[in-house]
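Here is a brief report on two pieces of local architecture.

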Amino acid sequence: MAMLQTVQEAIHEPDFGVSDAIQALHLHRKDSDEVYRVIVQKLLTLSASHMPDFEFFLPQLFHLWASTEYDAHIVKWTLLLRLLMTAATYHVRLATSIHWLMRATIDDSCGWGFGQTELSIPEYLKNRFAPSKLALFNLHMLINHQDGAHAFVFAPDTDLRTMPIQTDLIQTYFDRLLALQQYDEGLNAVTPDFLASPARFFPAATPSNGSSSLNTNSALLLGPIYAGVANCVLPCDWSFPALNKMKITPRHPSMEQSVFATQLKFIDGLGDVAEALRFLPPKNRKEALPEELAKLTLPDHAFYPLGTCDEPLQRLVSICLYEGAVFTTKARAPTMVWFEVENLPVVPETLWLTPAQSMLTDEEKESAALPPPVSSSLGHDEIGQVLRHDNIMSSLHRIEAVQPLSEEDEEDDESVDGSVDMNMAHAPPLPIGNLGSSGRMRRSGSLCSSGNPLHLEQLIQVLDEPPKSSATEKGRTKSDSFQRQRGSIRLELMPTDAEKPTYEQLETIAMKMMAFFLSKPPKAPTSKDSNSKASDATPPVSQTVVLGRITVEAIAARMGLHVQPYEDVYSFTGRECIEWMQSSGISHNEAHALWLGSELLTNELIEPVNVQHHDEPVLFTNDATTLFVCTVKPEEGGSSASTILHTKRGTTSRFTSVANANRSLEREDTDVSELVTGFDRLRPEKTLELLQLVDSAILRHVAPEAADRDETFAQWEELQSQVEAMCEYIREKRRNRQLAVKSMFGEDFDSKRKRLLASSSFACQFPDHWDCSALIVKSNDDLRQEVLCLQLIRQFRDIFASAELDLWLLPYGIIATSASTGIIEVIRNATSLSSLKGTPGYVSLNQHFVHTYGTADTPAYKTAMNNFVKSMAAYSLVCYILRIKDRHNGNIMLDSDGHLIHIDYGFILGIQPGGRFSLERRVPFKLTTEMVDAMGGSQSEYFREYVTLLIQGFLALRQNVDTILMMIAIMAQDSSCPCFLHRNPRDILFQTKQLFALELTPEQVIPHVMKLVRRSLNSFGYRRYDQFQHITNNIVP
């Protein structure tokens, strides 16, 4: 009772918001059902008045429901299902989002997701099939208003492949369920509020609006399956808020059903297009795209899937068949598709398709309005005073002057992975002012208002630890067991499957290695017994089983195929392979090379050729005994396809190694000021205006009787002609520069929009609401982890905004439509740093800004550089707190306004490419010398502003650590995301909490952040990782 009273008092606080309710559901997941009911009641009320906040936390709410054991906690499971079904009645975006979440959960339970297998499904995922499938049935019956006998027809699908007798049995169960509910209504039995008549929410529509009439025996408000479960498990005396709190008219059931069904079908069709293109050769995909898109039938009620419920819908009216693109990756075919759309500010037939704010009453809009932002960080002057104290900034100049840190130096520093230097913790206070108010801001993605430090420990302790078996069974592959047998690397330290290099990267390594050894004279393999004359005469034919298969020679012999003699095989030993990997920069030490060699062997990209028959498996070792050969051949030209995903049109050329060397010399020997003329300082219009004034003055003041009057006027006219020519020259140069920017970033969005508008046959039908939009469809990839990361980035953006910090982030739209498909928003007017660096004539980022926007004193340059600094600081904090890795130049973009944008969040919260061999794992964030030079060097005002924003942002994030940890904690419990799979969620939360350095005072945070900057600047790890990506993926460093 004490806990119940505490919760009741908390929910009546005036600033108790959606995020507080979600956090309370997580903290009280093991408390009584009555406590849970009180929280759900409050959240039902908030869901109507704060729908954008509710939508923002929908992934957390759904995961709370999916991870709740329905057999042990059936009441909590039913209460959470009520929240989901209620949300589905609010808006079409919420209904489709819930469908896709359930679809992905069913895929997980069947082992159909990306990187999953039906042979090894975790028990907690397998147990979610039945409740998720029933909930999905309930959602569709709710939207379709199905009730009564045979209103719902069960049919076998890919999830349930039932036999005819099983199909009839399941159909009978559904018929009985619906018939019993009709019978209860017919008897006028006492019906709880949560089983209210559908007429309360779906009043009978009038013929005037074209909607169909609703029978009084229509499906119950929240679906018949939910109603049946709730009847059995929820006490009748439990009451809930009235569900007609929002304006509930008008509604158009038939339109809603059509929109829901056609939307799901069309999005599935887009995924099928990307999947079909994946199986085509990369060079044929672009040509096949229009043909695949032409097969799609665009329904009348399909809308642009990305967006929020408080934004107007965009109805898709036409597919631009020849505007799309397919990006070059071997494993998948991300497909960009352009559409002509019609903006729908209001849909008069039904509020289910109307922006959420228009559904609220005036009082509700006023209560949901955002208060003025509250400052919660230090000011620029205070931080500037501290940065000048003891010459903190000058220490960075010394770092640039000395030799960069080596791998061993970075290994010795423990502060970079989140721990804090205790000598720093006892440093004397620095002269700073008050931090200001810690007030919170109610906004989309609202912040938790409690701010109670005790909640941080509760958020961690409430999580269930994984079973001991799952802590050790990590789905390791055979190569890991080989290394364990050798005793060189412990199994628990081996990289997980998510951290291993992709098959395409390994294939590229094998091809480059083969090209290297092809340049050397071929060798004949020798037997292990060097004294055997027989082995010298005739090389033994291997019949041993290698990795569960027989060798290529044995297979060829059995099939009667010709096998190339050993004398012609270009073979190599394990030692030679390791030496090549280390000398070429692919590996950074022997252990790393051994692991990569084992992965090549496991994936059958190399194989042994002189192994005698024995029972032990073949291992990749650092010896000169076993010979290997590559099973792949290098491509013509010696390069593989790039895996860079960007929005630039066309193919970007790549520099050869010689060109890179020449470019490096240019960067060292060329002064940037010599590359830029003074035409940025000249204003042609103003110059011509002054000429006219001087001309009129000369006519007034030159005496008519002057002897040289005619000569003077002739000279003046010549000067005028030269100045006009100079002004025209400046105009032409500026036009050329604008064209250069367009060619660098591809066709800008405004130009594309004008071009599509001119050729559109639909724009005349709705000229005020016509627009165009694009999206990227991906298949063979699970985007749910990226959805979580972008959700956290959006929360970071809200935190910075609530503290009035000038930090910039772009949480682009993304939806996971299943466990292996998804849709991503196109980032407009941007290109990857790799593509930018591959542009002919590129010298450096500094030169790019000067060449594109003008000299440092021009307004355009100042605006672009300010954008660069604000985005650099924001993403540095995001990458540090969320431990985002794989930050090569293909995953960092630059837009035409100067903003830096990070994409592709496949490695977060502690997982990284290569696992324990990762080159990034001890680097807080990527900060190259080229980025610092673009800001004017470590002693410039722009870099000082960067450091100032880092400190302010770090302090603001510390004040909202409870919100960030809550979002991670909920998703970490029994999750299928790679960053959580087979890991202890408590460890993940504790490690993330450590990164906030909460034990430090605000005065001690400043030197702590400066140490992070020092460790990141020109780090050894990122320099080597960029080199590795250049070799394996052709990504320009």
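Strand E12 (residues 892–895) and strand E13 run antiparallel and are joined by 3 bridges. Within this pairing, Leu894 has Leu900 of E13 as its bridge partner. Note that the model is predicted.

E12 and E13 belong to an open sheet of 3 strands, ordered E11-E12-E13, with antiparallel pairing. Strand E11 (830–832) and strand E13 (900–902) are the edge strands, and each pairs on one side only. On average, neighbouring strands of this sheet are turned by 35° against each other, direction ignored. In general, strands of a sheet pair through backbone hydrogen bonds.

What packs on the sheet? Helix H35 (residues 859–881) does, touching E12 and E13. The direction of H35 makes about 25° with that of E13.

Now the helix pair. The axes of helix H12 (residues 253–278) and helix H13 (residues 282–294) come within 10 Å. They cross at roughly 145°, and the crossing of H12 and H13 is right-handed. Each helix supplies these residues to the contact:

| Helix | Residues in the contact |
|---|---|
| H12 | Val273, Ala276, Leu277, Arg278 |
| H13 | Arg285, Ala288, Leu289, Glu292, Leu293 |

How do the residues of the contact of H12 with H13 divide into nonpolar, polar and charged, and how many are in each class? There are 6 nonpolar and 3 charged residues, and no polar ones. Arg278 of H12 is part of this contact, and so are Arg285 and Glu292 of H13.

Definitions and conventions. Residues are numbered from 1 along each chain as its sequence is written. This is a predicted model: local features need pLDDT of at least 70, side-chain atom pairs count only at pLDDT 80 or more; totals for chains, interfaces and linings use all residues. Side-chain values use heavy atoms; hydrogens and water are left out. Two strands pair if DSSP finds at least two bridges between them. Helices (H or I, at least four residues) and strands (E, at least two) are DSSP runs, numbered from the N terminus. Axes are lines fitted to C-alpha atoms, for helices over the stretch in contact, and angles run from 0 to 180 degrees between N-to-C directions. Contact means heavy atoms within 4.5 Å. A crossing is left-handed if the near helix is turned anticlockwise from the far one by less than a right angle, and right-handed if clockwise. Ala, Val, Leu, Ile, Met, Phe, Trp, Tyr, Cys and Pro count as nonpolar, Asp, Glu, Lys and Arg as charged, and the others, Gly among them, as polar.
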